[in-house]
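Please work through each task before reading its solution.

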Amino acid sequence: MLAFEALRAVDERDAYANLVLPPLLRKAREKEGPEKFDARDAALATELVYGTLRRQGTYDAIIADCVDRPLREVDPPVLDVLSLGVHQLLGTRIPSHAAVSASVELARVVLGDGRAKFVNAVLRKVARDDLDGWLERVAPPYDEDPEDHLAVVHSHPRWVVSALWDSLGGGRAGIEELLAADNERPEVTLVARPGRATREELLGEEAAVPGRWSPYAVRLSEGGEPGAVEAVREGRAGVQDEGSQLVALALANAPLDGPDRRWLDGCAGPGGKAALLGALAAERGAFLLASEKQPHRAGLVARALDGNPGPYQVIAADGTRPAWRPGSFDRVLVDVPCTGLGALRRRPEARWRRRPEDLDGFAPLQRGLLRNALEAVRVGGVVAYATCSPHLAETRAVVTDVLKQHPGTELLDARPLLPGVPGLGEGPDVQLWPHVHGTDAMYLALLRRTS
């Protein structure tokens with residue numbers, strides 16, 4: 001029932017599973033008590049929700065093959081129950097009879113007896129084969145339609161497959177590995193905020209191992225709970241993907257011409273990079289201004305920076321209509337709003353919500369934020385343009401266009417500022433990948449203002 005409620009919220013309210021699920025789990029623990037609803041129950045509910053969302057495209061193709069009507073004519077709540085059942089049958093080790101029985105009982109409770117019979121009939125058809133057998137049946141052959149084959153097998157919209165393939169530069173092996181990585185459960189990664197916590201302190205936690213690339217990163221193996229870590233509860237550490245940490249570190253360590261006293265995070269919400277930048281700035285006696293357009297997100301930034309040892313200020317301001325004078329900063333970060341195609345491991349529902357036309361809406365905003373960031377930095381200062389999307393229209397196309405409009409700007413080689421990180425390509429910009437680096441697909445370009 002809990003997993004069904006979460007899927008309904010995602011479908012009806014365009015909610016995100018990572019925001020909907022935790023309160024539902026807390027409510028279940030409070031209602032049932034820890035004896036009846038324990039960590040294993042929470043883990044199963046989490047797997048059902050995220051697994052179903054990640055494999056939705058594949059499961060839709062399988063369900064469509066088992067019903068006698070177009071899938072769009074199946075009521076969404078019925079489809080959610082069916083998808084949960086298919087995931088139990090094809091994506092977990094739950095015995096088939098138990099998966100069908102539990103799904104039919106759920107349908108009876110939330111949909112009624114008539115629809116429960118429909119659910120029973122469909123799931124019994126699905127149970128006749130395993131996932132590989134179904135993919136042989138419902139996915140077109142790779143040789144006939146490579147993109148559609150990959151879309152069905154790896155459960156991504158076709159346009160996303162095409163865009164990611166273009167960003168990788170072709171080749172079947174790479175795109176297969178990337179799409180598979182998008183469907184894996186991501187590790188929880190912590191950051192020890194410099195001057196407030198150490199990586200050694202976090203490594204003292206159960207199930208903690210060092211991060212791969214960031215000197216401040218610690219990974220929690222499966223079952224590790226960030227809320228149980230004292231430094232996280234106190235704000236001295238936080239949950240932050242290692243790719244996000246590397247972006248902040250690259251900007252902080254980029255070579256400057258001149259002073260290093262004032263830093264700006266121009267798109268600071270929800271505050272992860274701002275908290276790390278603030279700690280790094282404090283070590284040098286630099287001031288950080290964290291700006292976020294949405295007031296409620298600015299509140300999240302303020303919470304993340306609370307207790308920062310150095311000088312900082314959080315404001316609610318639009319980066320395309322700056323609240324600061326030109327040339328005021330030595331270092332500027334703009335982690336721009338984007339399609340989020342680089343974080344599909346964490347937000348699997350995003351792949352089904354985004355459309356190609358969304359790029360047209362983001363394009364002017366991304367260019368405007370980068371232009372204003374270049375105006376905000378002084379001559380000799382550095383701007384980091386970052387986005388959690390590998391789509392070429394949101395990465396190199398933006399940087400190339402803005403550089404043409406700002407001849408007094410040079411593109412720095414970002415690769416030396418990610419020491420020890422392999423597979424960074426020909427540069428000078430950097431694209432991280434889940435299947436190569438184990439991070440979100442963060443993009444980074446560093447630009448120095450020369451005149």
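Two strands are taken to pair if DSSP finds at least two bridges between them; strands (E, at least two residues) and helices (H or I, at least four) are DSSP runs, numbered from the N terminus. The model is predicted, so local features need pLDDT of at least 70, side-chain atom pairs count only at pLDDT 80 or more, and totals for chains, interfaces and linings use all residues. Residues are numbered from 1 along each chain as its sequence is written, and side-chain values use heavy atoms, with hydrogens and water left out.

**Exercise 1.** Determine the strand order of the open sheet of four strands.

*Solution.* Begin with β1 (residues 188-192), which is joined to β4 by three bridges and runs antiparallel to it. Within this pairing, Leu-190 stands opposite Val-239 of β4. The complete order is β2-β3-β1-β4, with antiparallel pairing. At the edges lie β2 (208-210) and β4 (237-239), each pairing on one side only.

**Exercise 2.** Which residues line the largest cavity?

*Solution.* A cavity is a set of points on a 1 Å grid over the protein atoms alone where a 1.4 Å probe fits but cannot get out; lining residues have an atom within 4 Å of a point. The lining consists of Leu-264, Gly-266, Gly-319, Trp-324, Val-332, Val-334, Leu-369, Asn-372 and Ala-373. Two or more of these residues come from each of β8 (329-335) and α18 (358-376). The largest share, three residues, belongs to α18.

How values were computed. On a 1 Å grid over the protein atoms alone, a cavity is a set of points where a 1.4 Å probe fits but cannot get out, and a pocket is an open set with protein on both sides within 12 Å along at least five of seven lines; lining residues have an atom within 4 Å of a point.
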